[in-house]
Amino acid sequence: MVEIYRTPLTADLVKDKAREFGADIVGIADGAAMNENPPDPTDPRRPSDITDYDADRVIVIGQRVSLGATRIQSWSDRHKYVNDELTIAGLEEVALDLVRWLEKNGYPALIVPPTHVDPWRYDGDPRAHQKLPLSLDHAAVEAGLGTLGLNLQLLTPEYGPRVILTAILSSIPVEPDRRVEEPLCLGPDCGRCLSACPGDAIGHWDRDWIACDTHRQPHGFKQVTEFLDEVIDETDPEMQKRMLRNEKSFYIWASILRGAGAVTGCRRCQDVCPVGADYEALLKDALDAIPEDTPDKRARLDALRGAEAAGDRGPGYAARKRWIGS
Ligand code: SF4
Ligand code: SF4
């Protein structure tokens, strides 16, 4: 790129612009640091795997999810799915505006959205957990926006985990932000995410992603393929017709229409997390009680507390200390 076409930019200018376009949070990560520290070294997904030229910086922007939807207690309420999908749509506009502005100033840029799964990595198993080409939660930590929690969700000081993220790659020569080293998560002493989880998916600084996906994407690719299998296997043509018109097919249609239930779904662990300036003032009255709690979950949390008190934070923590904080 010829320098004459480039406007000199600063990190503050880029972040102010992102906020002006509508981002609630924004940080800038160093692409080289992310290349050196992939979250899963056995399956590295680095900025440099996406583009050879335009990933020196990873700008992470986020928008908070709506408080009204968060205050609905049921994890499977469709109003929540739809509201979150609308937040994703709004965030896409913000990211696109920022890309256009960067490119107008001479810096090619591209978006890694929260809904993008690379089909080249699909191995034919619809039940397998599909990862993004870049972990946005880890990128957000690298961009100084927060730290990971007990179930590996991003926690931010402003909105706790109640944000949706996207990333913009661009080789703008601006100063990256620094990682937050102090953990925001209160650990098993809190454990509210584990108590509320309908999928029993939360472990010790870990998450069973396949169990989570069943709720996080209740009408996603896995459910669509299962439904089609059932219809194809049905030998009675009348029953087959009825299956095409039943509640399952309706939910699949509704989810494909806007992505609500296919790319959005359960976020109960985000709702009940007490981290974030918004929780005490605007959410606690509706979300303090956790009806999903059970004696079994309480016993598991007690075991985690005991292990931590004895200095054992488990292999999940050891592998992710960089992003959880210490
Ligand atoms: S999204 Fe839902 S199922 Fe997944 S970990 Fe959070 S509470 Fe559990
Ligand atoms: S609910 Fe509690 S344990 Fe879970 S992520 Fe939030 S602070 Fe950490």
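The legends below describe close-up views of a predicted model.

Local features are given where pLDDT is at least 70 and side-chain atom pairs at pLDDT 80 or more, while totals for chains, interfaces and linings use all residues. Residues are numbered from 1 along each chain as its sequence is written, chains are lettered from A and ligands numbered from 1 in the order in which they are written, and side-chain values use heavy atoms, without hydrogens and water.

**View 1. The shell around ligand 1.**
Cys197, Pro198, Ile202, Arg207, Cys212, His215, Cys266, Arg268 and Cys269 surround ligand 1; a residue is near the ligand if one of its heavy atoms lies within 4 Å of it. Helix H8 (209–216) and helix H12 (268–271) are the elements that give two or more residues to this shell. Helices (H or I, at least four residues) and strands (E, at least two) are DSSP runs, numbered from the N terminus. The shell has six nonpolar, one polar and two charged residues. Ala, Val, Leu, Ile, Met, Phe, Trp, Tyr, Cys and Pro count as nonpolar, Asp, Glu, Lys and Arg as charged, and the others, Gly among them, as polar.

**View 2. The salt bridge between arginine 121 and aspartate 43.**
The closest N and O atoms of this pair are 3.1 Å apart; a salt bridge is a side-chain nitrogen of Lys or Arg within 4 Å of a carboxyl oxygen of Asp or Glu. Arginine 121 lies in the loop between strand S3 (109–112) and helix H6 (136–142), and aspartate 43 in the loop between helix H2 (31–36) and helix H3 (47–50), so the bridge ties together parts 78 residues apart in sequence. Arginine 121 is partly exposed at 36% relative accessible area (buried is under 20%, exposed over 50%, partly exposed in between, with a 1.4 Å probe and protein chains only).

**View 3. The salt bridge between arginine 71 and aspartate 285.**
Here the closest N and O atoms are 2.8 Å apart. Arginine 71 is in the loop between helix H4 (67–70) and helix H5 (78–104) and aspartate 285 in helix H13 (residues 277–287), so the pair ties together parts 214 residues apart in sequence. Aspartate 285 is exposed, at 61%, whereas arginine 71 is partly exposed, at 33%.

**View 4. The salt bridge between glutamate 85 and arginine 258.**
The closest N and O atoms are 2.8 Å apart. Glutamate 85 in helix H5 and arginine 258 in helix H11 are 173 residues apart. Glutamate 85 is buried at 11% relative accessibility; arginine 258 is partly exposed at 43%.
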